[in-house]
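Work through the exercises below with the sequence and the model open beside you, and try each task before reading its solution.

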Amino acid sequence: MSKTKYSDKAQDKIGKVMHEFKEGKLKSSSGQKVTDRKQAIAIGISEAKEAGLKVPKKKD
């Protein structure tokens, strides 16, 4: 089983978002505070995609 490959810059972006989440400063697009870890990761991946960084396609 191979591990999903993210670019180094994408990993940095997701890491920064997770840091915000852990500090309690991460907000969703509606302005609500994010309390779910999976939602925080999804936001990080989404921001990395918007920035044009290498992010693998979603698995089915």
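A residue is called exposed when its relative accessible area is over 50%, and buried when that area is under 20%. The model used here is a predicted one.

**Exercise 1.** Determine which residues of helix H1 are buried and how they are arranged around the axis.

*Solution.* Begin with the extent of the helix: H1 runs over residues 8–23, and its 16 residues reach 23 Å from the first C-alpha to the last, close to the 22 Å expected at 1.5 Å a residue. Next, list the residues under the 20% cut-off, which in H1 are Ala10, Ile14, Val17, Met18 and Phe21. These cover an arc of only 100 degrees around the axis, and therefore lie on the same side of H1. The general rule behind such a pattern is that an α-helix has 3.6 residues a turn, so residues three or four places apart point the same way. Finally, look for the partner of this side: the buried residues of H1 pack against helix H2 (37–50).

**Exercise 2.** Find which exposed residues sit on the face of H1 turned away from its buried side, and examine Asp8.

*Solution.* That face carries Asp8, Lys9, Lys16 and Lys22. For Asp8, the relative accessible area is 60%, so Asp8 counts as exposed. In space, the C-alpha of Asp8 is 8.7 Å from that of Lys54, although 46 residues separate the two in sequence.

**Exercise 3.** Describe the lining of the largest pocket.

*Solution.* The pocket holds about 230 Å³ of space. Ten residues line it, and Tyr6, Pro56, Lys57, Lys58 and Lys59 lie nearest its centre. By class, the lining divides into three nonpolar, two polar and five charged residues.

Conventions: Residues are numbered from 1 along each chain as its sequence is written. This is a predicted model: local features need pLDDT of at least 70, side-chain atom pairs count only at pLDDT 80 or more; totals for chains, interfaces and linings use all residues. Side-chain values use heavy atoms; hydrogens and water are left out. On a 1 Å grid over the protein atoms alone, a cavity is a set of points where a 1.4 Å probe fits but cannot get out, and a pocket is an open set with protein on both sides within 12 Å along at least five of seven lines; lining residues have an atom within 4 Å of a point. Grid points are joined across faces, edges and corners, and a volume is the space filled by probe spheres set on the points. Ala, Val, Leu, Ile, Met, Phe, Trp, Tyr, Cys and Pro count as nonpolar, Asp, Glu, Lys and Arg as charged, and the others, Gly among them, as polar. Helices (H or I, at least four residues) and strands (E, at least two) are DSSP runs, numbered from the N terminus. The expected span of a helix is 1.5 Å times one less than its number of residues. Buried means under 20% relative accessible area, exposed over 50%, partly exposed in between (1.4 Å probe, protein chains only). The arc is that of the directions from the helix axis to the C-beta atoms. Contact means heavy atoms within 4.5 Å.
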